[in-house]
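Morning, everyone. I have one model to walk through, and I'll keep it to a few places in the two chains.

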Amino acid sequence: MDRYDLPDARGYFGEHGGVFVAETLMAALDELKAEYGKAKADPLFWQEFHYELKHYVGRPSPVYHARRWSEMLGGAQIWLKREDLNHTGAHKINNAIGQALLARRMGKKRVIAETGAGQHGVATATVAARYGMECVVYMGAEDVKRQSPNVYRMKLLGAKVVPVESGSKTLKDALNEAMRDWVTNVDSTFYILGTAAGPHPYPMLVRDFVSVIGEEAKVQMPEAIGRQPDVVVACVGGGSNAIGMFYPYIPVEGVRLVGVEAGGDGVDTGRHAAPLSAGSVGVLHGFRSYLMQDENGQVIETHSVSAGLDYPGVGPEHSHLKDSGRAEYTAVTDTEALAAFHDCCHHEGIIPALESSHALAWAAKVAPTMGKDQVILVNLSGRGDKDINTVAGLTGITL
Amino acid sequence: MSRISACFEQLSGAKALIPFITAGDPHPSRTVALMHALVDGGADIIELGVPFSDPMADGPVIQRASERALAHGVSLADVLAMVAEFRKDNGTTPVVLMGYLNPVMRYGFARFAADAARAGVDGVLTVDCPPHAAGELAAALKGEGLDPVFLIAPTTTEDRVAEIARHATGYVYYVSLNGVTGAGNLDIDAVAGKIAALRQHITLPIGVGFGIRDAETARALSTAADAIIVGSRLVQEIEAATQETAAEQLKILVASLKAAIR
Ligand SMILES: Cc1ncc(COP(=O)(O)O)c(C=O)c1O
């Protein structure tokens with residue numbers, strides 16, 4: 001296939017991406033782009049990044065054959081890329097470390113972040129403690145309720161958690177509030193954005209930091225099974241764990257890339273968080289991409305059992321991969337994700353994050369239609385300890 | 001000549017007052033009356049906010065105004081209808097729409113520019129669309145005789161000031177502080193110095209806004225700027241008033257600001 005070299009100099013992946021922010025932030029984004037350009041070309045930067053990933057995060061994360069569950073499904077073999085085993089329990093730490101190292105290079109002593117499920121907030125609070133930075137995390141007031149263990153975790157790590165009461169009180173509003181903080185404190189503050197979205201250069205640098213996931217898998221799978229998987233699948237909220245898995249596989253022919261969005265009550269009900277499956281092109285949070293919006297261009301509220309997928313937009317590179325056909329995107333419902341959550345607990349002894357359970361649900365649905373010699377690699381983006389209150393609540397249990 | 005240029009020409013050096021309110025706040029049926037009240041109080045140009053679900057550059061006051069308007073389902077088409085209604089009784093006061101890109105993109109740039117011109121809009125400021133991203137929209141606006149208004153911030157580099165100078169028409173909007181609308185950390189001397197420096201590149205009139213809350217600040221800044229833009233303070237007045245008293249209170253407040261900058 002053609003050489004894939006995106007984004008272009010203006011930050012576009014095809015027609016998606018770009019820089020759509022208030023003038024105040026333009027200089028900061030230009031500075032970030034320039035500084036990342038230098039860091040990217042600096043072997044010492046990557047040396048420290050990989051040292052941290054190995055000794056602090058515990059990388060490489062293993063790939064694991066979910067043998068019992070695969071047998072029960074009676075089709076393709078399901079393998080899991082175990083990002084749940086990372087320090088702090090999700091793929092988010094890879095990106096948080098990369099950006100914190102950039103912040104340190106740029107002399108910024110204060111970092112801010114938005115968070116949905118709390119995983120990116122925890123990762124940011126963690127690296128802020130690790131590097132001695134002041135940390136403020138914005139979190140929708142709804143999510144503060146849904147993910148209370150992570151709120152306390154962030155506080156233990158020394159971060160200030162600010163509940164956001166505006167709009168729908170979820171991830172998109174937390175992002176708005178983080179942007180407002182950044183505009184106000186742009187001279188002192190580094191914004192550690194939590195997903196492969198936002199204005200250029202964020203989608204690019206987040207992708208570069210999380211790509212360690214796919215880079216490792218590309219080496220590990222041939223070691224484990226003698227070849228690459230037939231399908232690679234990941235859940236898609238803003239798109240970071242998915243692009244981290246997909247990006248290294250883009251040039252690998254014969255590997256199908258599948259992104260799974262949050263179908264909520266079902267994509268046909270309108271109550272979901274699946275902009276690639278059922279949105280249209282728009283501009284939000286500094287970039288152009290598929291977006292859930294009404295006929296007047298207002299962003300509509302999303303619905304998902306999983307706080308980390310409850311976002312109306314999606315990173316621009318995924319929109320481009322959809323348009324180009326290199327990746328395909330679909331959605332599973334809350335009910336399907338919850339069933340996969342329980343199956344993964346029962347059959348594999350792994351409590352998956354509700355976000356990752358969406359990717360698992362797709363694999364469990366499709367595996368039986370495939371041959372036993374075929375392989376699906378699922379990005380198990382995080383562990384589900386943070387979700388036990390939510391899952392218990394859905395079954396009428398209060399912990 | 002556009003209404004905006006005519007307005008500044010007629011002022012011949014006197015300072016313009018540009019009040020901002022959000023269309024549809026507190027209720028769509030009140031907006032046209034409030035616009036007339038602004039003019040009665042002495043407004044030279046009106047900035048009319050187009051409500052958006054995710055007003056990233058706005059502080060809590062204008063966020064709430066946006067939410068109130070959206071609760072009544074106010075769309076961009078509704079805002080254009082309000083301007084058309086205003087124009088039935090006022091053919092001279094320029095109206096500039098201020099908002100975010102997505103509703104305009106959804107409407108379609110060319111269709112929007114044509115409909116806005118027909119409704120009597122004079123300028124458009126999309127906060128999250130700086131000149132490098134505004135090509136298609138700016139061309140559509142200029143094609144219909146509308147002025148694309150751009151922001152300049154304290155962080156804007158000289159290169160970018162020059163770029164903005166090439167694209168803007170009507171006036172430019174200097175953001176007085178690093179922050180959101182309604183913030184309270186404005187440094188008068190620094191702003192005045194910056195505006196003076198901008199004149200090297202900018203020949204258009206320069207308005208200044210964000211964080212101007214009282215007559216005192218308005219007066220101090222009017223020695224450096226060509227126009228004073230006041231938003232959150234007025235929206236607060238609407239929020240505190242009843243639907244019956246809002247117009248009168250706005251008029252009194254605008255008159256006191258106008259008197260201060262004379
Ligand atoms: C475990 C886990 N997976 C996935 C996501 C979704 O984000 P993204 O699409 O950026 O990977 C989150 C977000 O909080 C998460 O915590």
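Let me start in chain B: which residues in H3(B) meet which residues in H11(B)? From H3(B) the residues are B:Val61, B:Ile62, B:Arg64, B:Ala65 and B:Arg68. Facing them in H11(B) are B:Ser232, B:Val235, B:Gln236 and B:Glu239. Before I go on, please keep in mind that this is a predicted model.

Now the geometry of that pair. H3(B) covers residues 60-71 and H11(B) covers residues 232-240, and their axes come within 9 Å and cross at roughly 50°. Because of that angle, H3(B) is oblique to H11(B). The crossing of H3(B) past H11(B) is left-handed.

Next, the sheet in chain B. How many strands form it, and in what order? There are nine, running E5-E4-E3-E2-E1-E9-E8-E7-E6 (chain B), and the sheet is open with parallel pairing. At the edges sit strand E5 (147-148) and strand E6 (151-152) of chain B, each of which pairs on one side only.

Strand E8 of chain B, residues 206-209, is parallel to strand E9 of chain B, residues 227-230, and the two pair over two bridges. B:Gly207 has B:Ala227 in E9(B) as its bridge partner.

B:Phe210 is not a glycine, yet its phi is positive, about 85°. Is B:Phe210 buried or exposed? Its relative accessibility is 7%, so it counts as buried.

Over to chain A, and to an annotated residue. In UniProt, an unreviewed entry places "modified residue: N6-(pyridoxal phosphate)lysine" at A:Lys92. Where is A:Lys92? It lies in helix H4 of chain A, residues 92-105. A:Lys92 has a relative accessibility of 17%, and therefore counts as buried; the cut-off is under 20%. Which residues is A:Lys92 in contact with, leaving aside neighbours within four places in sequence? They are A:Gln119, A:His120, A:Ala123, A:Gly194, A:Thr195 and A:Ser240.

The loop between strand E4 (77-82) and H4 of chain A holds A:Thr88. A:Thr88 is another non-glycine residue with a positive phi, near 75°. With 17% relative accessibility, A:Thr88 counts as buried.

Strand E11 (residues 280-284) and strand E12 (residues 287-291) of chain A are antiparallel and pair over five bridges. A:Leu284 is bridged to A:Phe287 in E12(A). Two residues lie between the strands of this hairpin, and A:His285 takes a positive phi near 55°.

Last item, the peptide bonds. As background, most residues other than glycine have a negative phi, and most peptide bonds are trans. Chain A has a cis bond between A:Leu6 and A:Pro7, with omega about 5°. A:Pro7 is in the segment before strand E1 (12-13) of chain A. Another cis bond runs from A:His200 to A:Pro201, where omega is near 10°. A:Pro201 is in the loop between strand E8 (189-191) and helix H9 (202-210) of chain A.

That's what I have.

Key:
Residues are numbered from 1 along each chain as its sequence is written. Chains are lettered from A and ligands numbered from 1 in the order in which they are written. This is a predicted model: local features need pLDDT of at least 70, side-chain atom pairs count only at pLDDT 80 or more; totals for chains, interfaces and linings use all residues. Side-chain values use heavy atoms; hydrogens and water are left out. UniProt positions are given in the numbering used here, feature names are shortened, and annotations may be inferred rather than shown by experiment. Helices (H or I, at least four residues) and strands (E, at least two) are DSSP runs, numbered from the N terminus. Buried means under 20% relative accessible area, exposed over 50%, partly exposed in between (1.4 Å probe, protein chains only). Contact means heavy atoms within 4.5 Å. Two strands pair if DSSP finds at least two bridges between them. Axes are lines fitted to C-alpha atoms, for helices over the stretch in contact, and angles run from 0 to 180 degrees between N-to-C directions. Angles under 35 degrees count as roughly parallel, over 145 as roughly antiparallel, 65 to 115 as roughly perpendicular and the rest as oblique. A crossing is left-handed if the near helix is turned anticlockwise from the far one by less than a right angle, and right-handed if clockwise.
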